[in-house]
Amino acid sequence: MSLLDHIQGTAALPEIFLVVAAMALLMFGVFREKSADIVNIAAIVVLGIAVAMVIWGGEGRQEAFGGSLVIDTFARFMKVLTLFGSAVAIVLSVNFMKTEKIERFEYPILVLLATAGMMIMISANDLVALYMGLELQSLALYVVAAIDRDKAKSSEAGLKYFVLGALSSGMLLYGASLIYGFTGHVAFPEIARALAAGEPGLGLIFGLVFLIAGLAFKVSAVPFHMWTPDVYEGAPTPVAAFFAAAPKIAAMALFVRAMLAPFSGVLPDWQQILVFISIASMVLGAFAAIGQTNIKRLVAYSSIGHMGYALIGLAAGSPEGVRSVVIYMTIYLIMTLGTFACILAMRRKDGQVETISDLAGLARTNGLHAFFLAVFMFSLAGIPPLAGFFAKYFIFMAAIKANLVTLAVIGVLASVVGAVYYIRIVKLMYFDEPAERFEPMVTEVKAVVVLAGLFVLLFALFPQPLNSLAEAAAASLF
């Protein structure tokens with residue numbers, strides 16, 4: 001049987017295209033001096049073509065490589081989000097890398113390879129594909145985190161992420177081997193059939209716990225969140241934006257598929273674990289961010305909290321729950337990219353600043369910057385009528401329908417606590433004495449800020465398209 005027969009049509013074509021394009025760009029970068037600009041533009045074009053291939057690559061459910069990868073509506077939607085997040089991260093990085101004199105043609109290539117890994121994660125339909133996708137993504141991200149080699153903080157961020165990532169990979173592999181040992185299968189449909197045939201043994205539950213631990217690390221959920229604040233603070237700002245956007249979407253998509261496809265028959269066993277992780281993430285995200293002085297650390301704790309909210313939808317284990325996760329992750333992606341674009345614009349003549357106190361009186365020195373940052377802060381806090389409110393609304397409604405009322409109530413209370421540090425930033429920008437003025441925003445950063453801000457502001461008027469897409473994506477998993 002030929003390789004093309006294995007691929008079965010065009011199912012895995014976007015992933016193959018990304019990897020081949022990354023290799024071609026690597027060769028181009030090696031043999032041509034000062035190629036970073038061309039490679040950046042080419043990488044964005046490659047991601048755009050991959051989006052088109054995902055959207056027009058066929059309809060319905062497709063399989064590739066003997067069922068190891070599955071392409072359904074859920075996978076297509078999450079892949080488009082991931083590709084979009086990666087492309088915006090490259091756009092945000094171009095000017096920053098030049099100004100900081102850390103421009104390297106390898107950066108967009110590593111982003112492409114990480115994105116290929118994320119797309120394999122989203123489509124993974126067995127434990128081997130799941131691990132392969134995770135590792136392809138992680139190996140590229142370890143390097144990207146330490147891309148600013150001359151700064152101790154960036155090297156430290158890369159090293160911390162590498163050490164903790166290796167630990168989480170070990171836990172995930174151990175869990176996968178236990179699941180394989182007790183069911184005799186690695187494919188998700190086969191595991192589901194084996195579980196349906198008999199009572200799950202204690203060994204399988206242990207395997208499931210380790211698998212969840214490995215996946216929780218990738219979405220930076222408590223108690224596997226330790227790397228997040230240090231990596232966000234230490235990595236260059238556009239790299240932190242990339243970490244907060246695309247990999248989170250892919251990891252959450254993998255989490256959803258890895259729980260619901262093989263283990264829907266043992267929902268009560270993993271639901272209680274997810275409820276605990278969700279509560280711990282929301283509470284830590286709400287309280288730990290209050291004392292932060294660095295805005296990137298604050299956003300890191302905020303993202304831990306947001307993953308806790310998204311896990312509420314997964315814990316519900318229902319089509320409504322998955323729909324709410326898809327809506328939540330879409331809105332989270334756009335809010336986060338907008339927020340990081342605002343952080344990137346915090347630049348003075350002597351360089352980038354990251355302290356929250358540097359935002360004092362911003363409304364009087366740069367009204368547009370202050371307005372949109374306030375919009376993102378209110379949206380992250382879940383204040384109506386902004387997009388962030390609807391994200392949380394759908395999540396809490398799904399939890400209530402699944403009889404997880406206590407979880408929804410804790411989520412609402414954590415939101416109230418979390419609003420404190422978001423509103424503090426808005427108060428600082430609008431009511432404090434102005435600090436030194438920032439440099440004017442770069443065109444591409446301003447474009448990301450304005451477009452993301454308009455989405456957050458106007459979502460309430462046009463929620464239906466996203467709602468319909470999320471419903472179709474959720475339906476394809478059940």
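Predicted model: local features only at pLDDT ≥ 70, side-chain atom pairs only at ≥ 80, totals over all residues.
Select alanine 244: setting aside neighbours within four places in sequence, alanine 244 is in contact with Tyr232, Tyr332, Thr336 and Phe340. Contact here means heavy atoms within 4.5 Å. Alanine 244 belongs to helix α11, residues 237–244. Helices here are DSSP runs of H or I with at least four residues, strands are E runs of at least two, and both are numbered from the N terminus. Is alanine 244 buried or exposed? Alanine 244 counts as buried because its relative accessibility is 0%. The labels work like this: buried is under 20% relative accessible area, exposed is over 50%, and partly exposed is in between, using a 1.4 Å probe and protein chains only.

Residues are numbered from 1 along each chain as its sequence is written, and side-chain values use heavy atoms, with hydrogens and water left out.

**Zoom out to the whole chain**

Show the protein chain as a cartoon and you can look for 21 helices and 4 strands. Along the principal axes, the C-alpha atoms fill a box of roughly 70 × 60 × 40 Å. Why compare the radius of gyration with that of a compact globule? A compact globule of 478 residues would have a radius of gyration near 23 Å, so the 21 Å of the protein chain agrees with that. The radius is taken over C-alpha atoms, and the globule rule is 2.2 Å times the number of residues to the power 0.38.

Of the 478 residues, 60% count as buried. Among contacts between residues at least 6 apart in sequence, 81% join residues at least 24 apart.

Select asparagine 467 in helix α21, residues 464–475. Asparagine 467 counts as buried because its relative accessible area is 11%. Which residues does asparagine 467 touch, leaving aside its neighbours within four places in sequence? They are Arg323, Ile327 and Phe394. Pick out arginine 323 and look at the two side chains: they make a polar contact of 3.2 Å. A polar contact is a pair of N or O atoms within 3.5 Å; within protein, one must be able to donate a hydrogen and the other to accept it, and residues adjacent in sequence count only if both atoms are side-chain atoms. Asparagine 467 and arginine 323 are 144 residues apart along the chain, yet their C-alpha atoms are separated by 7.8 Å.

Now move to serine 169, which sits in helix α7, residues 152–183. Serine 169 is buried too, because its relative accessibility is 8%. Beyond neighbours within four places in sequence, serine 169 is in contact with Tyr131 and Glu135. The side chains of serine 169 and glutamate 135 are joined by a polar contact of 2.6 Å.

**Stops along the backbone**

Most residues other than glycine have a negative phi, and most peptide bonds are trans. With that in mind, visit these places:

- Proline 223 is in the loop between α9 (202–218) and α10 (227–234). The peptide bond joining valine 222 and proline 223 is cis, with omega about 5°.
- Proline 385 is in the loop between α17 (367–381) and α18 (387–401). The bond from proline 384 to proline 385 is cis, with omega near 0°.
- Phenylalanine 65 is in the loop between β1 (62–64) and β2 (69–71). Phenylalanine 65 is not a glycine, but has a positive phi of about 50°. Its relative accessible area is 32%, so phenylalanine 65 is partly exposed.
- Lysine 101 is in the loop between α4 (73–99) and α5 (106–123). Lysine 101 also has a positive phi, about 60°, although it is not a glycine. Its relative accessible area is 73%, so lysine 101 is exposed.

**Last stop**

Finish at glutamate 106 in helix α5. Glutamate 106 is partly exposed, because its relative accessibility is 33%. Select serine 35 as well: glutamate 106 and serine 35 are 71 residues apart in sequence, and 9.8 Å apart in space from C-alpha to C-alpha.
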